[in-house]
Amino acid sequence: MEKRAYFCNVKQKIHVVRTLFLTFFLAFTLASQQVLAQDASRMDSVEIGFVTCAPHEEVYSLYGHAALRFHDLHTGEDLMFNYGIFHPDSKLFMWHFLQGHTDYELGVAPTNAFLKYYEKWGSQVTEQVLNLTNEEKALIINALRVNYLPQNRIYRYNIFFDNCSTRPRDIVVANVKGRVEYAPREGFSPSFREMVRDCTFGHPWATFGNDILLGVRADMPTTQSEQHFLPVNLRHDFDRAVVVRQGEREPLVSERRELVSPGIQMVEQGFPLSPFACSLILLALSMMIFTFEQMKKTIVRWFDIFMMLLTGLAGCILALMLFSEHPTTSTNLQVLLLNPLPLLFLWPVARGRKTWFFHLQLVLTLLFLAGGLWQSYAEGMYVVAVCVLLRIARHLSRRITKESNKLPQQKLNDKLLRTWTNKFVKR
């Protein structure tokens, strides 16, 4: 800004600056073209491949993985450019992840080491050798070099719109001297939530965690481009894509190879109960306590505290996600049921004081049930809503009973008051 202001003020030197800038730009352009021409001259022996890796049992791998392969058949140089490097042991990683402030980076590794990792897990690795001109190969390699500079290699990760699959796609498409056209997938427009659930099938708690955090936006139909956040979808479209160069149409993929055959998957044992099973246990406990309270005409306050802590603490996470940079979490109707509000009323409810909390919770729970018309909720959430309604019903019915019991007593008190008043007047 200071330089711009300086050149604006010294108007008589504008033509000098402009001349120097044009000279520098021309020299830089010629130098870049010369480097690219030199690179392009040896690109006959170079292959650029889009590599997809099948999921394995680690939670972070359930969506698959993608990378770009550089393989020089003449020199034997063989590298994987991988946009999926992250550091879960970094400070406040989970906090930053929830806020959408997760930084990933581009990593480069020898292909053999990359493949051995997935071979150990029993994951299939497939390569699609791209049908590129020598100039296009040189442009892609140069773009990867620039991306790998220390000041460029770290990027703000977004699971749906900017990840290890979309970055390689964008590098390829941006450096093809033509237009990449994908074959349309008729009748295929799943939502983000549906695609994520397909990936986490067999991992109920991973599915539950995703469904809790994703909002209404995740239930909308996706475009073909948005579907490329999953490497398997991009691989499917690359197989059927064509490159249009000066009116000529050629397949984008020249060859497909299997670099690692599928093996025996390493299976890790998770929590034995599913989220739905846990919600049913909570419902059974709620019904037993409700029945006990009705029979004994009492309130089990420790269960109120438990339910309020359960919904309130979970609600703190959902409320935080409303302000996250993740575009699919900002409108989440599950916050109507799980929200921090119970924590504000925990003390008066625990002390048995009169409060309007349960009236407010009834309204929010009914709105939550209505919201199911627009948003698909996490497994067991409707059961949790029934448990909350049981607590509301118990408190409101007890209050109604107290009010009704007060009426006869009030009438008796009024009658006694009138009697004593009449006697006093007569005297």
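Select Thr-207 to begin: setting aside residues up to four places away in sequence, Thr-207 touches Arg-197 and Thr-200, where a contact means heavy atoms within 4.5 Å. Thr-207 sits in helix α8, residues 204-213, helices being DSSP runs of H or I with at least four residues and strands DSSP runs of E with at least two, numbered from the N terminus. Thr-207 counts as buried because its relative accessibility is 17%; buried means under 20% relative accessible area, exposed over 50%, and partly exposed in between, with a 1.4 Å probe and protein chains only.

Before moving on, note that this is a predicted model, in which local features need pLDDT of at least 70 and side-chain atom pairs count only at pLDDT 80 or more, while totals for chains, interfaces and linings use all residues. Residues are numbered from 1 along each chain as its sequence is written, and side-chain values use heavy atoms, with hydrogens and water left out.

**The whole chain**

Among the contacts with a separation of 6 or more, 77% are between residues 24 or more positions apart. The accessible surface comes to about 24600 Å², with 63% of that belonging to carbon and sulfur atoms; such areas come from the Shrake-Rupley method with a 1.4 Å probe, and for residues only the protein chains shown count as cover.

**The seven-stranded sheet**

Next, colour the open sheet formed by 7 strands in the order β6-β4-β3-β2-β1-β5-β10, with antiparallel pairing; two strands pair if DSSP finds at least two bridges between them. At the edges lie β6 (154-156) and β10, each of which pairs on one side only. Neighbouring strands here are turned by 25° against each other on average, direction ignored, the axes being lines fitted to C-alpha atoms, for helices over the stretch in contact, and angles running from 0 to 180 degrees between N-to-C directions.

Within this sheet, follow β1 and β2, which pair in the antiparallel sense over 8 bridges, and look for Phe-50, which stands opposite Leu-68 in β2. Helix α5 packs on the sheet, touching β1, β2, β3 (78-85) and β4 (103-110), and its direction makes about 60° with that of β1.

Select α5 itself, residues 134-147: its 14 residues reach 20 Å from first C-alpha to last, close to the 20 Å expected at 1.5 Å a residue, where the expected span is 1.5 Å times one less than the number of residues. The buried residues of α5 include Leu-139, Ile-140, Ala-143, Leu-144 and Asn-147.

Then show Asn-82 in strand β3, which counts as buried because its relative accessibility is 11%. Leaving out residues up to four places away in sequence, Asn-82 touches His-65, Ala-66, Ala-67, Glu-105, Leu-106, Gly-107 and Phe-114. The C-alpha atoms of Asn-82 and Phe-114 are separated by 9.4 Å, although these residues are 32 apart along the chain.

**Helix α9**

Move to helix α9, residues 231-240, whose buried residues are Pro-231, Asn-233, Leu-234, Arg-235, Asp-237 and Phe-238. These buried residues pack against β1 (46-53), β2 (65-72), β5 (125-130), α6 (166-175), α7 (192-199) and β10 (253-260).

**Aromatic pairs**

Now display the aromatic rings, among which there are 19 pairs; rings of Phe, Tyr and Trp (its six-membered ring) pair if their centres lie within 6.5 Å, and planes under 30 degrees apart count as stacked, over 60 as edge-to-face and the rest as tilted. One of them is the stacked pair of Tyr-104 and Tyr-157, at 3.8 Å centre to centre with 10° between the planes. Tyr-104 lies in strand β4 and Tyr-157 in the loop between β6 and α6, so this pair ties together parts 53 residues apart in sequence. Both Tyr-104 and Tyr-157 are buried. Tyr-377 and Tyr-382 form a tilted pair, at 5.5 Å centre to centre with 50° between the planes; Tyr-377 counts as buried at 6% relative accessibility, whereas Tyr-382 is partly exposed at 40%.

**The β8 strand**

Finish at strand β8, residues 242-245, where Val-242 and Val-244 point one way, Val-243 and Arg-245 the other, and all are buried. On one pairing, 3 bridges join β8 to the antiparallel strand β7, residues 179-181, and Val-180 has Val-243 as its bridge partner. Another 4 bridges join β8 to antiparallel β9, residues 248-251, in which Glu-250 stands opposite Val-243. The β8-β9 hairpin has 2 residues between its strands, and Gln-246 in the turn has a positive phi of about 50°.
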